[in-house]
Amino acid sequence: MALYQPGLGFYETGGAAGRRGDFLTSPEVGPLFGAVMARALDQWWRELGEPATFTVAEAGAGRGTLAKAILAAGPACRDALRYLAVERSASLRAGHPEGVEVTASMPTEPFVGVVLANELLDNLPFGLLERRQGGWAEVRVTADLVETLVSVGDAPEGHLAPDAPVGSRIPTQPAAQAWVEAARRLVERGRVVVVDYADSTPSMARRPWTEWVRTYRGHGRGSSPLSDLGGQDLTCEVAADQLPAPGTDRSQADFLRAHGIEEIVTEARQAWEERAHIGDLQALMARSRIGEAAALTDATGLGGFRVLEWVQGE
Ligand SMILES: C[S@@+](CC[C@H](N)C(=O)[O-])C[C@H]1O[C@@H](n2cnc3c(N)ncnc32)[C@H](O)[C@@H]1O
């Protein structure tokens, strides 16, 4: 409700990713992320035998920035491409680029292609468990927004972190797990690709929970998750070991390198060297690409995000 309640939730009342928004995601850094993703889509389209209709359902598409960059890159698959931007917040569904179908929910009919989600799973509802002497307690919240611990004894997620110290917390992410399962069912042939900040349940048990449950507002950290409900973004790092096991799990930096970010940057560097003295738009765009690449592959920032892929119908 803090994020999505019509009229009250953060995303329903103007909250968003972007330079003018509240936090910066990879597509919002600039068009380079989409240009590399366009190359990845071409590779996956070719691997599928260049189907006449290649559906890409981008879930949590926000204002459509990634869609715009992918289309602007002119992918080889463009004539086959049916791009669905799936965004649950009505206020973000306006203003998407031409050539994109904008919808509030995922399609119901299975398709050949890709389900893509950048920073969606961290924005799905999650639970919290706290380790007590004799077992686990669920962290619940009373109607007046005070935490209360309810003993649950055994909990399946607890088995993932058997050595969790007393007092430590772990997330439970049934919504993220169900989302991945549903996305996989939707792809008849192709893949589900999820990009997000992720860790594992035992590792999160060893970290302070306030480090992996985070709030954002106006490009800074927000306040406690229970204050200013609807006024700030509320996210939880993804416990990847609670999801179905992916076929591939690599860092965003490795994913982008595998799909040619370095080639694009080499071209940009040449263009910058040739045109820096002219200082025209092309020169500035080239310089900006070099800076974008550094941000997208920075291992301590966006480059350290995980890219999880599930291949379907092999
Ligand atoms: C952190 S933002 C990321 C936006 C964009 N993907 C980006 O990387 O800039 C998460 C987005 O997912 C949307 N969202 C959350 N749950 C959703 C769902 N079940 N279906 C579609 N969109 C959803 C939110 O409204 C929000 O716009």
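Arg 306 comes out as partly exposed, with a relative accessibility of 27%. That value belongs to a predicted model, as do the others in this passage. The partner of Arg 306 is Asp 249, and their side chains form a salt bridge with an N to O distance of 2.9 Å. This pair ties together distant parts of the chain: Asp 249 lies in strand β15 (residues 248-251) and Arg 306 in strand β16 (residues 306-312), 57 residues apart. Asp 249 is partly exposed too, at 40% relative accessibility.

Salt bridges turn up elsewhere as well, and the structure holds 18 of them. Side chains of opposite charge can pair when their charged atoms come close.

What about Arg 169 and Glu 130: are they buried or exposed? Arg 169 has a relative accessible area of 7%, which is under 20%, so it counts as buried. The side chains of Arg 169 and Glu 130 meet in a salt bridge of 2.7 Å, N to O. This pair, too, joins distant parts of the chain: Arg 169 sits in strand β8 (residues 169-172) and Glu 130 in strand β5 (residues 127-131), 39 residues apart.

Through shared partners, salt bridges join Asp 199, Arg 207, Glu 211, Arg 214 and Glu 237 into one network.

Then there is the ligand. It is surrounded by 19 residues, and the closest are Tyr 4, Thr 25, Gly 60, Glu 87 and Asn 118. By type, the shell around the ligand splits into nine nonpolar, six polar and four charged residues. A ligand oxygen lies 2.6 Å from an N or O atom in the side chain of Thr 25. For Glu 87, the distance from a ligand oxygen to a side-chain N or O atom is 2.6 Å. Ser 89 has a side-chain N or O atom 3.2 Å from an oxygen of the ligand. Taken alone, the ligand exposes 590 Å², and the protein buries 92% of that.

Terms used: Residues are numbered from 1 along each chain as its sequence is written. This is a predicted model: local features need pLDDT of at least 70, side-chain atom pairs count only at pLDDT 80 or more; totals for chains, interfaces and linings use all residues. Side-chain values use heavy atoms; hydrogens and water are left out. A salt bridge is a side-chain nitrogen of Lys or Arg within 4 Å of a carboxyl oxygen of Asp or Glu. Helices (H or I, at least four residues) and strands (E, at least two) are DSSP runs, numbered from the N terminus. Buried means under 20% relative accessible area, exposed over 50%, partly exposed in between (1.4 Å probe, protein chains only). A residue is near a molecule or strand if one of its heavy atoms lies within 4 Å of it. A polar contact is a pair of N or O atoms within 3.5 Å; within protein, one must be able to donate a hydrogen and the other to accept it, and residues adjacent in sequence count only if both atoms are side-chain atoms. Accessible areas come from the Shrake-Rupley method with a 1.4 Å probe; for residues, only the protein chains shown count as cover. Ala, Val, Leu, Ile, Met, Phe, Trp, Tyr, Cys and Pro count as nonpolar, Asp, Glu, Lys and Arg as charged, and the others, Gly among them, as polar.
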